[in-house]
Amino acid sequence: MPPEETADVRLVVIDYESGNLRSVARAVEKAGVVPIVTSDPAALENADGVILPGVGSGPAAMAALQYRRLVEPLLDYIGSGRPFLGVCLGLQLLLDATDEGGADCLGLVPGRVRRLPNGLKVPHMGWNTVEFRQEHPLWEGIPQGSYFYFVHSYYADPAARADVAGVTEYGVSFCSIYARNNVVATQFHPEKSGVNGLRVYANFIGQVRAQG
C-alpha cells in the first residue's frame, strides 16, 4: 500500500542507536505513513504516535536513552495518553528492571525482564506463533495463531497478567504482546514479519489517525 499524505500525522520513530531503524521506517512507510526518525527529545512533544524499536542489550539501551535525554520526554509522552508502540527491546524497556546486568528500566510496567530458560537455543530466533489473549485494534484482521519473527534472549514478565495480550511458547509461555490503555508493545519484530507485520503497523497508524 502506498504512503498516504502525512501532514496530519506526526509519527515518531525514536533513534537511540539500539534498533534496526531503516527496516522499521521502511515498514511503517509501506504501511501508510512516512515516519519522523529522530533522537531529538523535543520531537515527542508534538508527536501523534511514537514507536520505540530496539535490539541488543537492555542496559546499553537504557544508557543510550539517558544519554540522549529521552527518558523523561518518553515518560511524559506515554503519560499523555497518546498511542505508543514498543518493538522487541522496546517492550522490555517498559518494565521495572532486567535480569540482564540487573539494570533498571523505565518502570512504566510493573514486572521484570527475564532470560529464556537454560537448555534452549538462545537467542530465540525465527518464526513462531502468537496466541492473542484479548481483542485489540493492533491485530485487527490478523488470524489467531499467526506467525511473527522473533530475535531475543530475554522476555518481559509483567506482574499484571491481564495486560498480557499475546503469548508465545518457547520453552516457557512468555508475553509476546503487552497492551494497556495507550501502550502496546510486541516482543516480535513486525518489520520482519511479512504481511502480518505490515498489518500491525497499519493498524497502529489507524489508531494514531483515529485519536488525532
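The exercises below treat charges, cysteines and backbone features in a predicted model.

The model's local features need pLDDT of at least 70 and side-chain atom pairs count only at pLDDT 80 or more, while totals for chains, interfaces and linings use all residues. Residues are numbered from 1 along each chain as its sequence is written, and side-chain values use heavy atoms, with hydrogens and water left out.

**Exercise 1. Salt bridges**

Task: Determine how many salt bridges a search of the whole structure finds, and describe the pair formed by R68 and E17.

Solution: 

Step 1. A salt bridge is defined as a side-chain nitrogen of Lys or Arg within 4 Å of a carboxyl oxygen of Asp or Glu. In general, side chains of opposite charge can pair when their charged atoms come close.

Step 2. In the pair of R68 and E17, the closest N and O atoms are 3.3 Å apart. R68 belongs to the loop between α2 (58-67) and α3 (71-79), and E17 to the loop between β1 (11-14) and α1 (21-31), so the pair ties together parts that are 51 residues apart in sequence. Helices (H or I, at least four residues) and strands (E, at least two) are DSSP runs, numbered from the N terminus.

Step 3. E17 counts as exposed, at 66% relative accessibility. The cut-offs are these: buried means under 20% relative accessible area, exposed over 50%, and partly exposed in between (1.4 Å probe, protein chains only).

**Exercise 2. Two further pairs and a network**

Task: State where D163 and R180 lie, and name the residues that are linked in a network of salt bridges.

Solution: 

Step 1. D163 and R180 form a salt bridge whose closest N and O atoms are 3.5 Å apart. D163 is in the loop between β10 (154-158) and β11 (164-169) and R180 is in strand β12 (residues 173-180), so the pair ties together parts that are 17 residues apart in sequence.

Step 2. D163 is buried, with a relative accessible area of 8%, whereas R180 counts as partly exposed at 47%.

Step 3. A salt bridge also joins the side chains of E131 and R133, at 3.1 Å from N to O. E131 counts as partly exposed at 39% relative accessibility, and R133 counts as partly exposed at 49%.

Step 4. The network of salt bridges links R114, D157 and R161. D157 is found in strand β10 and counts as partly exposed, at 23% relative accessibility. The C-alpha atoms of D157 and Q92 are separated by 8.6 Å, although these residues are 65 residues apart along the chain.

**Exercise 3. A charged patch**

Task: Identify the residues that gather in a patch of negative charge on the surface.

Solution: 

Step 1. Patches are made of residues with over 30% relative accessible area and no salt bridge, and like charges are joined within 9 Å. Asp and Glu count as negative.

Step 2. The patch of negative charge consists of D40, E45, E72 and D76.

Step 3. One of these residues, E45, lies in the loop between β2 (36-38) and β3 (49-52). E45 is exposed, with a relative accessible area of 60%.

**Exercise 4. Backbone features**

Task: Find where C88 and N181 lie, and state which residues a cis peptide bond joins.

Solution: 

Step 1. C88 is located in the loop between β4 (84-87) and α4 (89-92). Its phi is positive, about 60 degrees, although C88 is not a glycine.

Step 2. N181 is found in the loop between β12 and β13 (183-186). Phi of N181 is near 55 degrees, a positive value in a residue other than glycine. N181 is exposed, with a relative accessible area of 69%.

Step 3. The cis peptide bond joins V122 and P123, with omega about 5 degrees. P123 is placed in the loop between β6 (109-115) and β7 (124-129).

Notes:
Patch = residues over 30% accessible without salt bridge, like charges linked within 9 Å, V, L, I, M, F, W, Y side chains within 5 Å. Areas by Shrake-Rupley, 256 points an atom, 1.4 Å probe, with all protein chains shown as cover. Charge placed at Lys NZ, Arg CZ, Asp CG, Glu CD.
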